[in-house]
Structures are given as C-alpha cells and as structure tokens.
Amino acid sequence: NGDRQPVVLVNYDEAVAFAEWVNKKAKLPDGYTARLPDGKEWLTFAQCGDGREYPWGNDWPPKYGNYSGQESGLSGKIEGYNDGYAVACDVEQGGKNDWGMYGVGGNVWEWTSEPEGSARVLRGASWVSCGLEYLRCSCRDGCEPSGRLIFFGVRLVVLR
C-alpha cells in the first residue's frame with residue numbers, strides 16, 4: 001500500500017509492458033534499455049558475483065530480507081527469524097546486499113525473462129517463503145505468464 005513497497009499482483013506480460021513503458025517515458029540515458037533480467041543476470045546480482053548460497057551469504061538463518069518469520073501469521077515460519085514485516089515492506093527495509101541492491105532477498109518473487117517451457121521463471125522468494133530451498137539464490141519457481149499473485153513483483157535491469 002505504500003509508495004516505496006514493491007509492485008505486486010503483476011503478471012509477466014505486465015512486467016514486460018512496464019519495461020517497455022520505462023524505455024519510452026523514463027528518459028534513460030542514450031544507449032540504455034530497461035528490461036527484465038534473465039536468469040543468469042538475476043543469479044549474478046543475488047550472489048554478488050561470489051557464488052553465495054543465499055542473498056545475504058552462506059549462513060542460516062537470514063541476516064536480512066523479508067521472509068516468513070516469527071512476525072508472520074502464516075503456519076510456515078523461519079525459526080528464530082523476525083524481520084518485523086508480516087507482508088511486503090518498503091524496498092529499502094528488505095535489506096541491502098553487498099553490491100548495494102535493495103530487496104533482492106524476499107519481499108516478492110521477481111519475474112525474469114527466463115523461460116521454462118511455456119512458463120516464465122520467478123526468483124528471489126517472498127514474504128510468504130520460509131524453506132531453505134526457496135531462499136537459495138539458485139531457486140527457480142515457474143509460472144504461466146498470466147499468473148498473478150499478491151507476492152509476485154518486478155525488478156528491471158537497465159543496461160547499455
């Protein structure tokens with residue numbers, strides 16, 4: 001509900017359309033283009049180039065992120081973890097990784113351009129995620145492009 005919270009309830013086609021709108025209206029510097037990251041790009045910035053297991057490093061429980069912890073009203077919770085947010089939080093409140101990128105861990109699953117059959121891949125887990133396997137940088141969750149859930153969102157990369 002806040003201006004700094006991630007966009008949610010967005011499907012893949014809307015995420016792509018948003019990138020196209022940014023390219024037309026945002027006045028990016030010459031030669032730059034906004035688009036969804038591919039799987040390799042997402043993995044690189046989630047791992048900060050060093051192959052870490054989770055966006056915050058290799059240790060458990062999370063050091064930052066917005067996942068299902070003790071604050072959650074959900075049945076699945078990360079034992080001993082409390083990020084203070086029962087649902088999506090402001091992007092900056094989700095933590096900053098070693099490359100200075102906010103919200104890479106949790107908050108919302110992020111659409112990528114990575115295909116999986118007729119589906120597209122989401123990465124990053126969300127505020128409802130609590131299992132080790134879902135919080136790993138390598139986790140891929142496929143969904144049909146028309147899929148729209150309260151914990152699906154979008155992150156764009158801007159490249160030259």
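Q: What makes the four strands a sheet, and in what order do they stand?
A: The strands here are DSSP runs of E, at least two residues long, and helices are runs of H or I, at least four residues long; both are numbered from the N terminus. Two strands pair if DSSP finds at least two bridges between them. Four strands form an open sheet in the order β4-β3-β2-β5, with mixed pairing. This is a predicted model, where local features need pLDDT of at least 70 and side-chain atom pairs count only at pLDDT 80 or more, while totals for chains, interfaces and linings use all residues. Residues are numbered from 1 along each chain as its sequence is written, and side-chain values use heavy atoms, with hydrogens and water left out.

Q: Why do β4 and β5 count as the edges?
A: Each has a single partner strand, so one side of β4 (141–143) and one side of β5 (152–153) have no neighbour in the sheet.

Q: How do you know that β3 and β4 pair?
A: Count the bridges. The rule asks for at least two. Strand β3 (residues 119–123) and β4 share three, in the antiparallel sense. In one of them, Val-121 has Gly-142 of β4 as its bridge partner.

Q: Why is Thr-112 called buried?
A: Buried means under 20% relative accessible area, exposed means over 50%, and partly exposed is in between (1.4 Å probe, protein chains only). Thr-112 has 0%, so it counts as buried. This residue lies in strand β2 (residues 109–116).

Q: Which residues does Thr-112 touch?
A: Contact means heavy atoms within 4.5 Å. Residues up to four places away in sequence are not counted; the others include Tyr-12, Asp-38, Trp-42 and Val-121.

Q: What holds the N-terminal end of α2?
A: Asp-38 caps this end. One of its side-chain oxygens lies 3.1 Å from the backbone nitrogen of Lys-40.

Q: Which residues of α2 are buried?
A: In α2 (residues 39–47) they are Gly-39, Trp-42, Phe-45, Ala-46 and Gln-47. The buried residues of this helix pack against β2, β3 and β6 (157–159).

Q: Why is the pair of Trp-42 and Phe-45 called tilted?
A: Rings of Phe, Tyr and Trp (its six-membered ring) pair if their centres lie within 6.5 Å; planes under 30 degrees apart count as stacked, over 60 as edge-to-face and the rest as tilted. By this rule there are eleven aromatic pairs. The centres of Trp-42 and Phe-45 are 5.7 Å apart and their planes meet at 55 degrees, so the pair is tilted. Both residues lie in α2, three places apart, about one turn of the helix. Trp-42 is buried at 1% relative accessibility, and Phe-45 is buried at 7%.

Q: What makes the pair of Trp-56 and Tyr-67 edge-to-face?
A: Their ring centres are 5.8 Å apart and their planes stand at 70 degrees, so the pair is edge-to-face. Trp-56 and Tyr-67 are buried.

Q: How far is the sulfur of Cys-137 from the closest cysteine sulfur, and what follows?
A: It is 8.0 Å from the sulfur of Cys-48, too far for a bond. Cys-137 has a relative accessible area of 1%, so it is buried.

Methods. Polar contact = N/O pair within 3.5 Å; in protein donor to acceptor, adjacent residues only side chain to side chain. Disulfide = S-S within 2.5 Å.
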